[in-house]
Amino acid sequence: RHQNITGVVDGSQLLVMFRNQYDNDVTVWSPQGRLHQVEYAMEAVKQGSATVGVKSSSHAVLVALKRASSELAAHQKKIMPIDKHIAVSISGLTADARVLSRFMRTECLNEQFAHNQALSLNKLMERVGAKMQIATQRYDKRPYGVGLLLAGFDEDGPHIYQTCPSANYYDCQAMAIGARSQSARTYLERHLDEFRSSTREELIRHALRALRDTLPNDVELTNKNCSIAIVGKGEDLSIYDDDDVNPYLEGLDQEERRGGAGGARDAQPPAAPTAAAEEDDAASAPPPPPTDEQPQGDSMETD
Amino acid sequence: MALEMMMSGPDYMRDPRKHQFSPYANNGGTSVAIAGDDFVMIASDTRLSRGFNIFSREQDKVFPLTPKTMMASSGCWADVLTLNKVLQARLTMYSHEHHDMMSTTAVAQLLSTMLYWRRFFPYYVSNILAGIDEEGKGVVYHYDPVGHMEKLTFSATGESVSQIQPLLDNQIGGLNMLGVKPPTMTKDLARQLIHDAFVSAAERDINTGDGIIIHTITKDGKTEETVKLRRD
């Protein structure tokens, strides 16, 4: 039986939802025309750690922040290969993500077996959307509590897709989901015009910078907490973890954060913004503890 | 054998009084594989035929499976293609689950199991698997159509197996001779043996000819070489 939720606070926007008599079943509409269970499922996505996807005219990139549930545990893998031309990054209930990944993999395998071709992204998304929608319209199921970012390359070029527990899916130029992802989306919006003509390395760098903006000031991207996936023209999917990530992280921590309108490798940022940034940091010291600690007691493992 | 020929052989050998559907066709093909200490060579002829008709003179019958493993298949071409497709799908599924590609020994066992699964409606395919094992040594596996598997250092299969296998037994295995030690296998020796074996088989066996493609696998990668054979 679900808990008595009197209010749920989401970091970046103060959103307070109250328990009401229309939120027990996904098959029940509220008088405002909402399905509360689906909306609650979307909250699970916001609990997962951040992940960013971005595409150029030739490549699609995913970067993800891996979370370790304790000092003893390994960082949970966030990016899963689906086929030679598709990868997916997850935010939310990892177990639900695995079910969807297995589905996507078998769809890709079947396309290869039966039609001798790679499954195009738009066809895959239709099928995933249809599968997820079923769980929003049956009394004996619950919505999938995971958001996905897909990166793929097919006959129509590179693609980034986002899915929600609502079963909606969106074709994106760039996107970020997960905890504190609004900062990443702000970076992406600011640099949107630069992505199309970015080189492979520049594109990965943009994604990493966007991801870094979701971190508290005292935390950096390391080869332990960061994953990169890239696929593109003439290039099958590669996923980088641990040491393979090093070349892409090089010099990133020297770059200025949340500033630099050019966003490029500003070696000498202009004096005024630096001063303002320093002031800002001083004012917000000490930085709040990282909010990606798991709450105590029973809770679903969201990564 | 005679009955089979009566039902599904060339029309001058078929009994005109009966109609019988055979799900199998014999599209010919011969394969050879030879393993060395740090390499393996696998070759197939390139003729695809049915009876006295030639479908293709340039059909490569060796399929890559992983960077370290290849498979040569002959027999019923429809079954060859399907077996290969299913195997490719299984390889992908394994790598998704294990986060690693299949080793040669794992592929060998999988193929055996897959073939036996169809024990009562077999894949009409003669297989040879060749690859580099976990220790870096070349290895050859020979199969029958229902999955009997033997790990060997050299093997032939297909239409001309009766002509080629005894030659390999003698030249590589040192068999049926007195006082002769088998030679150490090198790439040059393997290539020469494969070449000569196929040329000899093409002379005597009507089903073998047109050409051969010789694939070599080492830990550094794969190479291939095409050799012409008589086209009659």
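Tutor: Let's begin at N116(A), which is found in the loop between α2 and α3 (121-134) of chain A; helices (H or I, at least four residues) and strands (E, at least two) are DSSP runs, numbered from the N terminus. This is a predicted model, where local features need pLDDT of at least 70, side-chain atom pairs count only at pLDDT 80 or more, and totals for chains, interfaces and linings use all residues. Residues are numbered from 1 along each chain as its sequence is written, chains are lettered from A and ligands numbered from 1 in the order in which they are written, and side-chain values use heavy atoms, with hydrogens and water left out.
Student: Okay, what is phi of N116(A) near?
Tutor: Phi of N116(A) is near 55°, a positive value in a residue other than glycine. Most residues other than glycine have a negative phi.
Student: And is N116(A) buried or exposed?
Tutor: N116(A) is exposed, with a relative accessible area of 56%. Buried means under 20% relative accessible area, exposed over 50%, and partly exposed in between (1.4 Å probe, protein chains only).
Student: Which residue of chain B has a positive phi?
Tutor: H99(B) has a phi near 55°. H99(B) lies in the loop between α2 (77-98) and α3 (104-117) of chain B, and H99(B) is exposed, with a relative accessible area of 60%.
Student: New topic! How many residues of chain A are in contact with chain B?
Tutor: 8 residues of chain A are in contact with 7 residues of chain B, where contact means heavy atoms within 4.5 Å.
Student: What area is buried between chain A and chain B?
Tutor: About 660 Å², with carbon and sulfur atoms giving 71%. Buried area is the accessible area (1.4 Å probe) that two parts lose on being put together, summed over both. R105(A), L109(A) and F113(A) supply 73% of what chain A buries against chain B, more than any other three residues.
Student: Which elements of chain A give two or more residues to that side?
Tutor: They are β3 (79-83) and α2 (94-115) of chain A. The largest share, 4 residues, comes from α2(A).
Student: How many salt bridges are there between chain A and chain B?
Tutor: The count is 0; a salt bridge is a side-chain nitrogen of Lys or Arg within 4 Å of a carboxyl oxygen of Asp or Glu.
Student: Last one: how many helices and strands are in chain A?
Tutor: Chain A has 8 helices and 10 strands, and buried residues make up 48% of its 303 residues.
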